[in-house]
Number of protein chains: 2
Amino acid sequence: MQTIQQHFQVAYSYSIYFTRNLFEESNPLLRSFFEALHEPGFRRKALVVVDAGLLPHYPELPDAITSYFSTFSSHVHLVPDILLVPGGEQAKNDPALFDQLVRAVDEHGIDRHSFVIAIGGGAMLDLVGYAAAVSHRGVKHIRIPTTVLSQNDSGVGVKNGINYHGKKNFLGTFAPPVAVFNDLTFLESLDDRDWRAGISEAIKVALIKDRTFFAWIEANAEALARRDSAPMEYLIHRCAEMHTEHIRSGDPFEFGSSRPLDFGHWAAHKLEYLTDFSIRHGEAVAIGIALDSVYSTQSGLLPAAELERILTVFHTLGFELYHPKLSENDKLNLRNGLQEFREHLGGQLTIMLLERIGKGVEVHHMDTDVIASAVDYLQALYPSFAS
Amino acid sequence: MQTIQQHFQVAYSYSIYFTRNLFEESNPLLRSFFEALHEPGFRRKALVVVDAGLLPHYPELPDAITSYFSTFSSHVHLVPDILLVPGGEQAKNDPALFDQLVRAVDEHGIDRHSFVIAIGGGAMLDLVGYAAAVSHRGVKHIRIPTTVLSQNDSGVGVKNGINYHGKKNFLGTFAPPVAVFNDLTFLESLDDRDWRAGISEAIKVALIKDRTFFAWIEANAEALARRDSAPMEYLIHRCAEMHTEHIRSGDPFEFGSSRPLDFGHWAAHKLEYLTDFSIRHGEAVAIGIALDSVYSTQSGLLPAAELERILTVFHTLGFELYHPKLSENDKLNLRNGLQEFREHLGGQLTIMLLERIGKGVEVHHMDTDVIASAVDYLQALYPSFAS
Ligand SMILES: NC(=O)c1ccc[n+]([C@@H]2O[C@H](COP(=O)([O-])OP(=O)(O)OC[C@H]3O[C@@H](n4cnc5c(N)ncnc54)[C@H](O)[C@@H]3O)[C@@H](O)[C@H]2O)c1
Ligand SMILES: NC(=O)c1ccc[n+]([C@@H]2O[C@H](COP(=O)([O-])OP(=O)(O)OC[C@H]3O[C@@H](n4cnc5c(N)ncnc54)[C@H](O)[C@@H]3O)[C@@H](O)[C@H]2O)c1
Ligand SMILES: [Zn+2]
Ligand SMILES: [Zn+2]
């Protein structure tokens, strides 16, 4: 009997809004979003989930959310209990939290035309996004990222996930949000490490794609290190724009083997594990980028002067580019990360390196001796750190 | 700052092959599928999961799979342990089975370029499809459906899911397979109930979309009841074709509120629960279709002569069209199903009814008195069943 050929496309679209004081009554942005979706005679529900790490800084946040939603309660029914989940990687490590969220979706009758709204850092956004994506085969999900990393990278993309038996992001889906609201006021309360950490994702996209943006980061590195808000806003916007553009024009759900945005990430993921997540994702990415940049130079791809600029910009921003775990066990622990990275992606090993600033190049093999020597190079730069 | 607009499309394609004796060495179909995907120097892995309900009928199946794969082991590495999961709805009710599958994906190093192959009825395909869809954010999944229902409906579509705290399909995703192999020889071992049950999904698509196909089913109802294989093969092929065509040309991931293929399903889902899954999905669907057809006539939509034809074809096929649970608690238990159906879909209630055979019509309200009287009508037809 004749083979049946199935072929179809699924279209996704969402906007990333930039604002301040999202929940102030005078700010119409979120209200307008819901009003535009409103269908007469039908009141949608919204379940809000907040990163508990925000509360010490914004104790009034839950009340502000409640009063904001009360101004359009005829359109949207806010579930009165605002849920709190712990922030940081623990959100993704505890399966009970996933269960709690799915139960809340069920108990509060959140259906495929209702919303789950997550407010917080990249880790809890990944957890809530996953729970939303598999409940009723996907309820609508709105992200309100509150860290540099989540506003310029994780929160504007299409992935979610939780960790499983010690494997980072082992469970997850590709599930675009219906909207992203980047409220820049949240960034003020970040500690210095989180303010800085997210910048490494912007350096990453600049290095592989946009020499001009890299030069801009160089020129603004001191101001960023001083926590000036104007350059940070530009950096986040430009990085989010490049990130979404990359998703749009490439392989949004990563069916192929190539993942250019994972530049620096094979070592970063491994280092996060080796340090038991005591370093931030963005801090690990900075080290991973430094390592693969040194590797690029040592293997004859990247001119030494370009490497110098890369290491300098990280240094000016206050990043540490070496960690003793890199050298542990004769660098074998680190090097195992390469194999794990290949396994997670599947297929042929594909690693992004640099040809020059603004231009990445993919390779399918990395030399273990050169990796080891790149680690030594970074260690020598940061003798203070050598344990 | 300027809003960033994200918009992209994701393309999916897969084939549904029809064959016999898929794992016989002389059958090149599955081998060719893998050979076509082969990339030199890269050996993909395959993890096979089998419905335990097949084993009493095909005790040699695991060995046949192993020897079939050994004929192209240079291309594909078959994970030596073939996993067994229980068949039937229990597969979707036990969260430990989901966990076992995810663990197997991890332990056997199944990556995004490897395959999880599920062989069995619709229930275990839904479980395995879900586990595959969320592992590594989606590993490639091949379905080999072995029941009428899964070959003509569930196995050729894009949904998966498991039950959660008593809610049918509460957790799941939309995740198309990379291929479907309908091996018609498996149907021979089905018990009469499972052979018959899947036919109701074909009647469903015929009723809402294709008068000619309905007439064909009428003409072949006796042969189907006698378990002739030729008409069953045509029925499955035509139903799968209409099902995939509907997905392709409509709203594949069901972002809207309209779900025409759920004709008869609001009552069917409720009845499955009320009977504790002692009746098959397809048996419940037959009753749900009968109920909504009677409702269509009683509310002045469907001519009585057309209703007569519908009830007759089910009768000839051996379906029972009444169950005492429909009347329980003054029909309130059943009627709650309407509200639950709306909640699961979200948005406005949208129910497909019939205008005539081959033409469905959507309504947004059902009259509870007419539902009750439609139940009474069916009960009167089947006095033997009235408890
Ligand atoms: N989905 C993706 O595509 C993707 C991409 C990159 C990274 N990630 C994930 O993102 C996570 C890292 O996210 P992150 O860097 O945003 O950190 P995070 O979510 O781990 O948050 C760090 C800490 O900051 C707190 N916090 C959040 N907002 C704050 C604010 N405004 N003021 C003060 N404290 C605040 C949190 O409670 C937490 O303690 C990792 O799990 C990583 O895997 C996901
Ligand atoms: N994903 C979807 O789009 C979708 C659509 C419709 C139905 N479904 C789901 O499908 C399930 C019903 O599937 P089903 O009707 O295939 O029944 P099933 O999977 O429940 O199987 C019924 C019984 O038949 C046994 N069996 C399977 N193949 C056999 C064979 N060849 N010979 C003998 N026994 C065999 C099984 O072990 C089981 O005991 C329900 O859970 C329903 O929700 C899913
Ligand atoms: Zn990152
Ligand atoms: Zn069905």
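Chain A and chain B bury about 6,700 Å² between them, and carbon and sulfur atoms give 55% of that area. Within chain A, the residues that lose the most area to chain B are Ile4(A), Gln6(A) and Arg137(A), which together make up 14% of what that side buries. Please keep in mind that this is a predicted model.

**Contacts between the chains**

- On each side of the interface there are 67 residues, with 67 of chain A in contact with 67 of chain B.
- Two salt bridges are counted between chain A and chain B.
- In one salt bridge, the side chain of Lys167(A) meets that of Asp106(B), with an N to O distance of 3.0 Å.
- Polar contacts link 35 residue pairs across the interface of chain A and chain B, counting pairs in which both residues are at pLDDT 80 or more.

**What chain A brings to the interface**

- Several elements of chain A each supply at least two residues of the side that touches chain B, including strand 1 (4–19), strand 8 (167–171) and helix 4 (95–107).
- Helix 5 (122–134), helix 10 (229–249) and helix 14 (332–345) of chain A are also among the elements that supply at least two residues each.
- Strand 1 of chain A gives the most to this side, with 15 residues.
- Sorted by class, the side of chain A that touches chain B holds 29 nonpolar, 23 polar and 15 charged residues.

**The shell around ligand 2**

- Ligand 2 is surrounded by 24 residues, and the closest are Asp51(B), Glu89(B), Thr146(B), Thr147(B) and Lys168(B).

**Polar atoms at ligand 2**

- Thr146(B) has a polar side-chain atom 2.7 Å from a nitrogen atom of ligand 2.
- Asp126(B) also places a polar side-chain atom by a nitrogen atom of ligand 2, here at 2.9 Å.
- For Gly122(B), a backbone N or O atom lies 2.8 Å from an oxygen atom of ligand 2.
- Ligand 2 would expose 870 Å² if taken alone, and the protein buries 89% of that area.

Technical notes:
Residues are numbered from 1 along each chain as its sequence is written. Chains are lettered from A and ligands numbered from 1 in the order in which they are written. This is a predicted model: local features need pLDDT of at least 70, side-chain atom pairs count only at pLDDT 80 or more; totals for chains, interfaces and linings use all residues. Side-chain values use heavy atoms; hydrogens and water are left out. A residue is near a molecule or strand if one of its heavy atoms lies within 4 Å of it. A polar contact is a pair of N or O atoms within 3.5 Å; within protein, one must be able to donate a hydrogen and the other to accept it, and residues adjacent in sequence count only if both atoms are side-chain atoms. Accessible areas come from the Shrake-Rupley method with a 1.4 Å probe; for residues, only the protein chains shown count as cover. Contact means heavy atoms within 4.5 Å. Buried area is the accessible area (1.4 Å probe) that two parts lose on being put together, summed over both. A salt bridge is a side-chain nitrogen of Lys or Arg within 4 Å of a carboxyl oxygen of Asp or Glu. Helices (H or I, at least four residues) and strands (E, at least two) are DSSP runs, numbered from the N terminus. Ala, Val, Leu, Ile, Met, Phe, Trp, Tyr, Cys and Pro count as nonpolar, Asp, Glu, Lys and Arg as charged, and the others, Gly among them, as polar.
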